[in-house]
Amino acid sequence: MAYDIKDINLADKGRQRILWADKDMPVLAQIRKRFEEEKPFQGLKMSCCLHVTAETANLMRTLTAGGADVLLCASNPLSTQDDIAASLCRDFGVEVHAIRGEDNETYYKHLASAIAHNPNVTMDDGADLVSEILKKHPELYDRVLCSMEETTTGVIRLRAMEKDGVLKFPVIAVNDVQTKFMFDNRYGTGQSTLDGIIRATDVLLAGKTFVVAGYGWCGKGLASRARGMGANVVVTEVDNIKALEAVMDGFRVMPMLEAAKIADVICTVTGDIHVIREEHFNVMKNSCVVSNSGHFDVEIDLVALNKIASKIEENVKPNVNAYYLSDGRVVYVLAEGRLVNLACAEGHPASVMDMSFATQALASEYAVKNKGKLDKKVYVLPHEVEQQIAATKLESMNVSIDTLTEEQVSYLNSWETGT
């Protein structure tokens, strides 16, 4: 088996971490057991461009249990856990092309390996794999049955592709499924982002002014968790409804130019470009910490910061670069502006990724079962699949809920009732 990883000798540690995560992923384990019996992906090739973590490894195990020939590459240069990559290759028969800290050339070489795998199904976290196929590989247009997209940024790109008529095969927006975004984005991002910031800086959040740029599901989770640790949280937004929601949730809301003046820590979670720009750097307090938890490293305008910095000191602490400005202030940027929760920590906890990756697995099965029936559009999974995942998760947590009586079902289904 061909692979391109840092060191196969790291596999023992990786295997230990994969199995540790697996104990907190009971829904995915149940799906894996069924897939082993039914082999829904027998004879199919799958190329996955995802964060190479212990949780992702258990998704790869589930796909291979279903009969798929799987290749995994990284969706972000700083999100690969090299020991996990090694164990996937040695212990679980998954071909991995990913190295933590890989340069841009290597990143695209690994994407090319995923494409050369000639996939029938793809999985993306940011839509880079699909974008490369659509730009350069028309020979795969009819071969790819469907693609799964994991993150908000990727879904935005894919819906733009659909609108422009360039999408050549169906896509399932896994990110837009409730069992993903309501839990992974909110609770996963909220906790893991703070974990990354604290590991990198050892900052005490209590009493600090913590600015969250963006109040989507990720921003909601981050703002909530930062407040829970005693921070004074400020939200910046461009959407009136989201801004109003943040106010009603008890947060201060203001433009970034005002927030930057009082911030001790800023974190972007918008999916957009240059959320923090030169005018914001120019008014920041001394020693402000700037970070990003959106998918791509474009939310912080590092080109502008490089331009106005009189000196740059890399790795003043691991994953912390210091930008010294001419007036004596210093701005600290975490993880080169990349995903702070994966670059500085280990990403989302396994128990929340259990639902996200259960959704990925079942979305793939749904796509294969509906081969030829889906148009070249972006889809969301049927509601009954979400309910199945949520029910299984509740069962694993020993939580029971009520069921409707026949009388209640009849009442809800009749237009004549309600008086």
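Student: Starting with Val 409, is that residue buried, partly exposed or exposed?
Tutor: In this predicted model, Val 409 is partly exposed, with a relative accessible area of 34%.

Student: Where is Val 409 placed?
Tutor: Val 409 sits in helix 17, which covers residues 406-413.

Student: And which residues form a nonpolar patch with Val 409 on the surface?
Tutor: Leu 404, Tyr 411 and Leu 412 form the patch with Val 409. Together the four have about 400 Å² of accessible area.

Student: What about Asn 398, buried or exposed?
Tutor: Asn 398 is exposed, at 72% relative accessible area. Its place is the loop between helix 16 (383-396) and helix 17. Asn 398 is not a glycine, yet it has a positive phi of about 60 degrees.

Student: New topic. How do helix 1 and helix 4 pack?
Tutor: Helix 1 (residues 11-22) and helix 4 (residues 82-91) have axes 7 Å apart, at an angle of about 90 degrees. Helix 1 is therefore roughly perpendicular to helix 4.

Student: Which residues make the contact?
Tutor: On helix 1 they include Ala 11, Arg 15 and Ile 18. On helix 4 they include Asp 83, Ile 84 and Arg 90.

Student: Last one: is Thr 268 buried or exposed?
Tutor: Thr 268 counts as buried, with 0% relative accessibility. Thr 268 belongs to strand 10 (residues 265-268).

Student: What is Thr 268 in contact with, leaving aside neighbours within four places in sequence?
Tutor: Among the contacts of Thr 268 are Ala 213, Val 275, Ser 291 and Ile 300.

Notes. Residues are numbered from 1 along each chain as its sequence is written. This is a predicted model: local features need pLDDT of at least 70, side-chain atom pairs count only at pLDDT 80 or more; totals for chains, interfaces and linings use all residues. Side-chain values use heavy atoms; hydrogens and water are left out. Patches are made of residues with over 30% relative accessible area and no salt bridge: like charges are joined within 9 Å, nonpolar side chains (Val, Leu, Ile, Met, Phe, Trp, Tyr) within 5 Å. Accessible areas come from the Shrake-Rupley method with a 1.4 Å probe; for residues, only the protein chains shown count as cover. A salt bridge is a side-chain nitrogen of Lys or Arg within 4 Å of a carboxyl oxygen of Asp or Glu. Helices (H or I, at least four residues) and strands (E, at least two) are DSSP runs, numbered from the N terminus. Buried means under 20% relative accessible area, exposed over 50%, partly exposed in between (1.4 Å probe, protein chains only). Axes are lines fitted to C-alpha atoms, for helices over the stretch in contact, and angles run from 0 to 180 degrees between N-to-C directions. Angles under 35 degrees count as roughly parallel, over 145 as roughly antiparallel, 65 to 115 as roughly perpendicular and the rest as oblique. Contact means heavy atoms within 4.5 Å.
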